[in-house]
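Student: I have a chain to go through with you. Could we begin with its overall architecture?

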Amino acid sequence: MNYQEQYDAYLARAKRALEDACRRYLPAESQVCQAARYSLMGGGKRVRAVLVLSVCDMLGGDEAAAESFAAAVEMLHCYSLIHDDLPCMDDDDLRRGKPTNHKVYGEGMAVLAGDSLLTYAFETAARGMNESDVTAQQAVEAIGILAHEAGYYGMIGGQVLDLAAEHQTLTYEELVNLQDKKTGGLIRAAAEMGCVLGYATEEQREAAKTYANRLGLAFQI
């Protein structure tokens, strides 16, 4: 199997996990859930989901747990994109060639759709403990990593720095720090969660974290 075939196989697993999350948590008859589904199932490279799956597979971890956490990180990433596109943030009209969430459903509904995805991301991750062989300790550690990298010390902290940097010239170090948090946080979380679910050694975890840090900067560039 070549690289593209392998990537496509991971994409199919990620899509299946996200469709399952939609059935469980986002009923089609609800407008806010329709808004959440609109963005969540709107395509994308699913880099974060693929990282969870591939790192866990590489280490021989539990496939069902990996798929739950892959869906969780994509749901959390999607919420951040919905909020990032809002007029109070980047004020974008298009995302992946389609109208942004607030352009279709309104600003208020877009905020709530993002909030719903953020909330259900953690329920989806917790489900990975109940429907797999992963231990409670592993699940709690992986959920903690996701929360940490999504918050002030990761993605949100990077967004704060990004807002503060508008109309300013940043130093190289400041720019790297901003992107390491805003973009690198969830990429790092994905690789680290795959390590936790795959019983990685400390050496393996450090190697995966280094890889993810550099991938995050390359991705932003």
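Student: How many helices and strands does the chain have?
Tutor: This is a predicted model. The chain has 11 helices and two strands.

Student: Which pattern do they follow along the sequence?
Tutor: Read along the sequence, the pattern is α-α-α-α-β-β-α-α-α-α-α-α-α. The radius of gyration is 17 Å, close to the 17 Å that the globule rule gives for 221 residues, so the chain is as compact as a globular protein of that length.

Student: What does the C-alpha trace span along its principal axes?
Tutor: The C-alpha trace spans about 50 × 45 × 35 Å.

Student: On to helix packing. At what angle do the axes of H1 and H3 cross?
Tutor: The axes of H1 (residues 3-25) and H3 (residues 47-58) cross at roughly 105 degrees and come within 9 Å. That angle makes H1 roughly perpendicular to H3, because values from 65 to 115 degrees count as such.

Student: Which residues make the contact?
Tutor: H1 contributes Tyr7, Tyr10, Leu11, Arg13 and Ala14. From H3 come Val47, Ala49, Val50, Leu53, Ser54 and Asp57.

Student: And what is this contact by class?
Tutor: The contact of H1 with H3 has eight nonpolar residues, one polar residue and two charged residues.

Student: Back to the whole chain: what percentage of residues count as buried?
Tutor: Of the 221 residues, 46% count as buried. The chain exposes about 10,900 Å², and carbon and sulfur atoms supply 54% of that area.

Student: What about contacts between residues at least 6 apart in sequence: how many join residues at least 24 apart?
Tutor: Among those contacts, 72% join residues at least 24 apart.

Methods
Residues are numbered from 1 along each chain as its sequence is written. This is a predicted model: local features need pLDDT of at least 70, side-chain atom pairs count only at pLDDT 80 or more; totals for chains, interfaces and linings use all residues. Side-chain values use heavy atoms; hydrogens and water are left out. Axes are lines fitted to C-alpha atoms, for helices over the stretch in contact, and angles run from 0 to 180 degrees between N-to-C directions. Helices (H or I, at least four residues) and strands (E, at least two) are DSSP runs, numbered from the N terminus. Angles under 35 degrees count as roughly parallel, over 145 as roughly antiparallel, 65 to 115 as roughly perpendicular and the rest as oblique. Contact means heavy atoms within 4.5 Å. Ala, Val, Leu, Ile, Met, Phe, Trp, Tyr, Cys and Pro count as nonpolar, Asp, Glu, Lys and Arg as charged, and the others, Gly among them, as polar. The radius of gyration is taken over C-alpha atoms; the globule rule is 2.2 Å times the number of residues to the power 0.38. Buried means under 20% relative accessible area, exposed over 50%, partly exposed in between (1.4 Å probe, protein chains only). Accessible areas come from the Shrake-Rupley method with a 1.4 Å probe; for residues, only the protein chains shown count as cover.
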